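Have the model open and follow along.

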Amino acid sequence: MSDKILSRGDLVSSVAQKTKLSAKDVDAVVKAYEGAIAQSLIEGSEIRLVGFGTFKTSERGERTSRNPRTGEPVTVAARNVVRFTPSKNVKDSVAKGE
């Protein structure tokens with residue numbers, strides 16, 4: 001496993017270089033893209049990006065956990081969480097190291 005972390009700036013630079021667009025324009029597109037995905041998830045939609053993967057929300061039920069300091073049981077409330085399922089193409093590419 002790699003210790004590399006790709007930041008938004010790294011992503012913007014990479015896309016700008018590959019598309020010959022300015023970093024400023026690419027950054028605006030990335031921000032709009034993230035906003036559109038977030039808003040769709042807030043509205044309860046599922047986002048399917050063919051060849052990449054699917055974003056959707058699911059409800060994580062209430063559960064009992066433990067306070068790590070005291071060991072006392074603590075109830076963790078139910079909440080909505082975001083799930084991402086990569087496409088077969090992405091899974092296969094990662095497995096091959098491409």
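Helix α3 (residues 88–96) holds both D92 and K88, which sit 4 residues apart, about one turn of the helix. Helices here are DSSP runs of H or I with at least four residues, and strands are runs of E with at least two, numbered from the N terminus. This is a predicted model, where local features need pLDDT of at least 70, side-chain atom pairs count only at pLDDT 80 or more, and totals for chains, interfaces and linings use all residues. Residues are numbered from 1 along each chain as its sequence is written, and side-chain values use heavy atoms, leaving out hydrogens and water.

**Salt bridges**
- The whole structure has 4 salt bridges (a side-chain nitrogen of Lys or Arg within 4 Å of a carboxyl oxygen of Asp or Glu).
- One of them joins D92 and K88, with the closest N and O atoms 2.7 Å apart.
- K88 is exposed at 60% relative accessible area, while D92 is partly exposed at 31% (buried is under 20%, exposed over 50%, partly exposed in between, with a 1.4 Å probe and protein chains only).
- Another links D27 and K31 (3.3 Å, N to O), and both residues lie in helix α2, 4 residues apart.

**Helix α2**
- This helix covers residues 23–42.
- V26, V30, I37 and L41 are buried in α2.
- These four lie on the same side of α2, because they cover an arc of only 45 degrees around the axis (taken from the directions from the helix axis to the C-beta atoms).
- K24 and I42, on the other side of α2, are exposed.

Terms used:
Expected span 1.5 Å × (residues − 1).
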